Amino acid sequence: MTELSERRRERRARQVAPRQLAAQISYTQPRHELLDTNGIRRLHDAAMRVLREFGVDFYDEECRAIFADHGALVKGETVFLDEELVMRAVARAPRQFTQLARNPAHHVVIGADKVTFAPVYGPPFVQDLDGVRRDATLADFQNFVKLAYLSPWMHHSGGTVVEPMDEPVATRHLDMVLSHILYSDKAFMGSVTSGPNAADSVTMAEIVFGAAAIREHPALISLINVSSPRRYDDRMLAALKVYARARQGLLITPFILTGAMGPASIAGSLAQLIAEALAGIALVQLIEPGCPVIFGSFLSTMDLQSGALTMGTPEAQLGLYCAAQMARHYGLPFRSGGAFSSAKLPDAQAGYESALSMLPTLQAGTHFVLHAAGWLDNGLAAGYAKFMLDCELLGMLHTWVKGVDLSDEALAFDAMAEVPPGGHYLGTGHTMRHFRDAFYRAELFDYTSSEQWELNGAQDSYARASAKARQLLASYEPPPLDPAIAANLHAFVAERKAAIAREPRDF
Amino acid sequence: MSLKELSDDDLWLQMQDDLYDGQKDEVVEETKEALARGHTPQQVLSEGLVAGMDIVGADFRDGILFVPEVLMSANAMKAGMEILRPLLVETGAPRIGKMVIGTVKGDIHDIGKNLVAMMMEGAGFEVINLGVNNDAQKFIDAIREHQPEIIGMSALLTTTMPYMKVVIQALKDEGLRDDVYVMVGGAPVTESFGQAVGADAYARDAAVAVEMAKAYMARRRGEGVAA
């Protein structure tokens, strides 16, 4: 056997080298729009009527006082808003902003023509590498952070990628934020489980990026869910106030299962969703004008026969197109979508539902795609294999969204001139210039002959994805972190854990 | 550094590298240089060309090389073989093998068949490519003219694959069947179809076709099956 020569070694190295993070997608295709001018006006007017006539509850006295100071009518916990107040406040929100990442190459632009993919958020369970559904742990949390870090198609590290059920509730947020910083250099999200937890998240971001830097560009985006219908709870509002005052990004998302948490129609649920989102965004802008916000939409359906939550349904996609169009109408960055599914494992249902959710997500022009990978079981479980397969879909979408190159080089007349009728293009100069990256090549989908596939062990995509996750986790190496910053973070976490242990707690 | 200054070992490595990179002109020059140094054609073939194409084959299988790259390597191999082949005949070296290959009558789909032809050339086989839409007479004429050890037939259409049986029957009628090893392939073709029409071998893809052809040639030479 001859030695590996230099040229061959170079090619092997190119093949096995980890792929760099792909640049954020830029939309070039026209957005798919379902609403005409009249449709936009009808939804807007309905949302304004909801705010004016029905109002939104805010379970926080200070927030209600802020609204009242700006002329809103407050009755009990309900805030009634008129169009002028809401739209003047919403108009202060930036159309786009940049979120900082520990690695400057991984900063993300939120809004404009850019798309950001972020992992699944919130599952208390995992579907682990042995296919077992069990409580998620901090180790799982760190594993998903690592897998997101290693994926060239995942632009963001996300937030509560799983809920670490083995850590005490009171201090979990510290472990989660610390894990994002230690195991990834991509942008991440802050804790929203209480005001103090949000403050801890901000302090940790300040340790990493510097207090002045994060006021200029946010280092955190945090997920404020509306507890629909028409209700913001005290914990979310406490977190919202902390982040707004620190000028950190806020992702305001009504969570509506239509039929139960919204009317049993897409239009009605959209009107409610727009009202709820704009009320929260207005509050942020009243607290801190210009604070980065994202208009979020989580709209899915309920099976009214059984009461089950359903994902990836056609109605939810129709709602998504409209919500995105309304956010564009208001000049706000938009969040929605995800690789949604009700399936319990990465089976055919999971694939169909996730694909049927992700394509409209991009056709709609979504800017921030939370749950872009790993989602199973209506969001109750994060699947390792599902995460890998979803990342494959994200890779394909990077190409899909680009549209078609119509340059002279792409029209390839030189190649056609070389090939007679019935000939082949495999050896043309044009092919030789482009073959390596002409087409997206999936790693986890099988393209071999059926005989070859059987010889290879007849694995399905689930098995291949599990093997790939194992391989990535085994080969993972953390990105570099300044030891002084790491020491400060560890000291802060230790100090906070000691302080929290001394606090009285009712849970 | 010029070729003349290379040691023999470095010359072999250079040939292998240039084959790997599909550098046809360089491979031709190196083949001539190796012969000029007094190496036997058999030696040039095994130390340079075959050793180089073995690496290409392994890296193609491992997904490191792409089809267009293998095509370039195979073209370089073919160019080297054109110099060596008459010399190998003169020295009485065992033939690597000759194959007549074509798409059967009624079918003009030949990308897959061309990939097989290319890979066979890459392995040093001499390939007579009959192109598309070949009736039995064309195969028979080609066998008489070129005296191949192997014939390969391919089809993409389910409606044309039964014609393979017609060709094989014609070979029997002409008394040629026992002289050639009949290989069949194509997307709808299977192992059991190959047996049913009386072929000697079915290959599921181009790389397997080459392995089977090499194994057959080794058997034919009485060398036993190469692993």
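This is a predicted model: local features need pLDDT of at least 70, side-chain atom pairs count only at pLDDT 80 or more; totals for chains, interfaces and linings use all residues.
User: Why is the pair E69(B) and R436(A) called a salt bridge?

Analyst: A salt bridge is a side-chain nitrogen of Lys or Arg within 4 Å of a carboxyl oxygen of Asp or Glu. The closest N and O atoms of E69(B) and R436(A) are 3.0 Å apart, so the pair meets that definition. Across the interface of chain B and chain A the rule finds one salt bridge, and over all chains the count comes to 32.

User: What makes E288(A) and R247(A) a salt bridge, and which parts does the pair tie together?

Analyst: The closest N and O atoms of E288(A) and R247(A) are 2.7 Å apart, and the pair is therefore counted under the salt-bridge rule. E288(A) lies in the loop between α10 (266–287) and β15 (293–296) of chain A, and R247(A) in the loop between α9 and β14 (249–258) of chain A, so the pair ties together parts that are 41 residues apart in sequence. Helices (H or I, at least four residues) and strands (E, at least two) are DSSP runs, numbered from the N terminus.

User: How do you know that chain B and chain A touch, and how much area do they bury?

Analyst: Contact means heavy atoms within 4.5 Å, and 28 residues of chain B are in contact with 22 residues of chain A. About 2200 Å² is buried between chain B and chain A, 57% of it on carbon and sulfur atoms; buried area is the accessible area (1.4 Å probe) that two parts lose on being put together, summed over both. I64(B), F66(B) and R204(B) supply 27% of the area that chain B buries against chain A, more than any other three residues.

User: What makes the largest cavity a cavity, and which residues line it?

Analyst: On a 1 Å grid over the protein atoms alone, a cavity is a set of points where a 1.4 Å probe fits but cannot get out, whereas a pocket is an open set with protein on both sides within 12 Å along at least five of seven lines; lining residues have an atom within 4 Å of a point. Three cavities of 30 Å³ or more are found in the structure, and the largest has a volume of about 120 Å³, a volume being the space filled by probe spheres set on the points, which are joined across faces, edges and corners. Its lining holds 15 residues, with L299(A), A316(A), Q317(A), S336(A) and F340(A) nearest the centre.

User: Why does the lining of the largest cavity count as having no charged residues?

Analyst: Asp, Glu, Lys and Arg count as charged, Ala, Val, Leu, Ile, Met, Phe, Trp, Tyr, Cys and Pro as nonpolar, and the others, Gly among them, as polar. The lining of the largest cavity has six nonpolar and nine polar residues, so no residue is left for the charged class. The lining of the second largest pocket, by contrast, includes eight charged residues beside 15 nonpolar and 13 polar ones.

Notes
Residues are numbered from 1 along each chain as its sequence is written. Chains are lettered from A and ligands numbered from 1 in the order in which they are written. Side-chain values use heavy atoms; hydrogens and water are left out.
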